[in-house]
Amino acid sequence: VDENGKELNVEDAHAKYLEYNEGRKDILVLDPDGELYGAVVLAAGWRPSKIEGEQYAHLGIDLPDVITNDEFEKIAAKGNIIRPSDGKEAKNVVFIQSPGKDEDDADFEYTGSVTSQVALKQARYVRDDYADGKAYIIYQHMRTPGLQEYFYKSMQQEDGVFMTKGAVTEVVQQGNGIAVTAKNTLLGENLAIKADLVVVASGMVPVTKDDPIINLAYRQGPGFRDNDIFGQYADSNYICFPYETQRTGIYAAGAIRRAMTIEESMEDATGAALKAIQCIESSNRGMAVHPRSGDMTYPDFFFQRCTQCKRCTVECPFGALDDDEKGTPKANPTRCRRCGTCMGACPERIITFSDYTIDSIGSQVKAVSVPSEDDYDEPPFRFLALICENDAFPALDMVGMNRMDYSPNVRFIPVRCLGSVNTIWIKDALAQGMDGVILIGCKHGDDYQCHFMKGSELAEVRVKKIGDALTSLALEEERVAFAEVAIDEYDKLPGIINAFVEEVEDLGPNPFKGF
Ligand code: SF4
Ligand code: SF4
């Protein structure tokens, strides 16, 4: 957009793109000699984090013989371990794990079990170089998963290697050495060590923190969205989708996903490569990639009625919709993951899939019978639950399998994703006399579990907006609710449903019932 927030025309947007990507190849112009690729494995790696600032000041970071684990590795690669200040042998080396985060369970930024293993490995270098060498590892968290535990145990047995949990209180120059003091050690005593060299652990920062790396020609920008809520890691950061990014066909591997060892990165690269192959194969067959792999439908637009409102292009979580100069959506079927968010967003209701449409779910809503006074002296209430098929609906299944009770007055209609819920279904349900509608989907926010990243978040926004519309119709906004549930929290679902039912029952029946 320009300085007034107005969208740029195609030429100006291109000029802006070139300005942003100065010095890089203009990928918006197809190179006739270039090669086309169907998928990309992004393994752009990491850089060591910078150990600087007030929080590290007590660790003597300005002293020449206080270095990071990364700098230590470079010294080790050249030969024996020596001090940077005078090139003399460094036989007594202190390794500080969890710098600046002494008592904090979250540990320091961009760390992982790899940083613990690096400390153990580098202590080993000291012992290998000098028969009388001593390595001290002061840690808050020593993480050695799986077989690495054997390495940890072998280092515990090693003469000349001393390890303790503890908080480093001070690192200062003392004569031609460095004095390190620590408290709260495993032995309960304070510790004072005279060292030749101090090594401070630094985290592995994904390169996506500094630069979007991928330089995409998406209307939503050249990088991934939402990296800032995941510490700038490029992965989707959702446990079900390792390697997947929010950009279809781009799979992250290695330290760009989380701090990891070379061995783990190699395994990771295999996983990402398999996903990339799967992506090409699926696209060639006209099918969606994960999570709706195999789905052969795609969003179809009835363009004659499109008002160019751009809601679909803005809300598509995967950037699958571009728009032309007028704002008419231009679909990229191979980027599309068939979440239906565009269908939920479209106020004109002109987006459909061959097996999932406004009418198909609308017909299910209409088929829900609303008890009336014709059949009952006191007709029971009727509630509609639009429930996400990915986690919430299987959770409801588990509620049934575990024979847990909930209100019998609720009727459930599974949907692809809460993002695909069009507010017309809610309005129709209330208009036909149902007393309340609840949307049940996956968690969103930092620890989101939405299979389509944004679906439940968008649904909550839409529910809030519909609340205003209900108030204008003299209907209580509590009649439409939004709830999140994780698949392993199925036991909470009856409570969520019953609480909603009770709240609406307290309001009384829908006044539109029977009209
Ligand atoms: S179905 Fe989902 S991924 Fe595909 S265009 Fe619509 S919003 Fe985008
Ligand atoms: S949301 Fe519907 S009306 Fe708006 S631009 Fe997209 S297709 Fe057109």
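1. Starting with ligand 2: 13 residues surround this ligand, and Cys306, Cys309, Lys310, Cys312 and Cys346 are the closest (a residue counts as near when one of its heavy atoms lies within 4 Å). By class, the shell has nine nonpolar, two polar and two charged residues; Cys counts as nonpolar here, Lys as charged and Gly as polar.

2. A word on the basis: this is a predicted model, where local features need pLDDT of at least 70 and side-chain atom pairs pLDDT 80 or more, while totals for chains, interfaces and linings use all residues. Residues are numbered from 1 along each chain as written, chains are lettered from A and ligands numbered from 1 in the order written, and side-chain values use heavy atoms, without hydrogens and water.

3. Now ligand 1: of the 14 residues around it, Cys316, Cys336, Cys339, Gly340 and Cys342 come nearest. Its shell divides into 10 nonpolar, two polar and two charged residues.

4. Where do the ligands sit?

5. The protein is divided into domain 1 (54-205), domain 2 (300-352) and domain 3 (382-507), with bounds from an automatic or database assignment. The C-alpha centres of domain 1 and domain 2 lie 54 Å apart.
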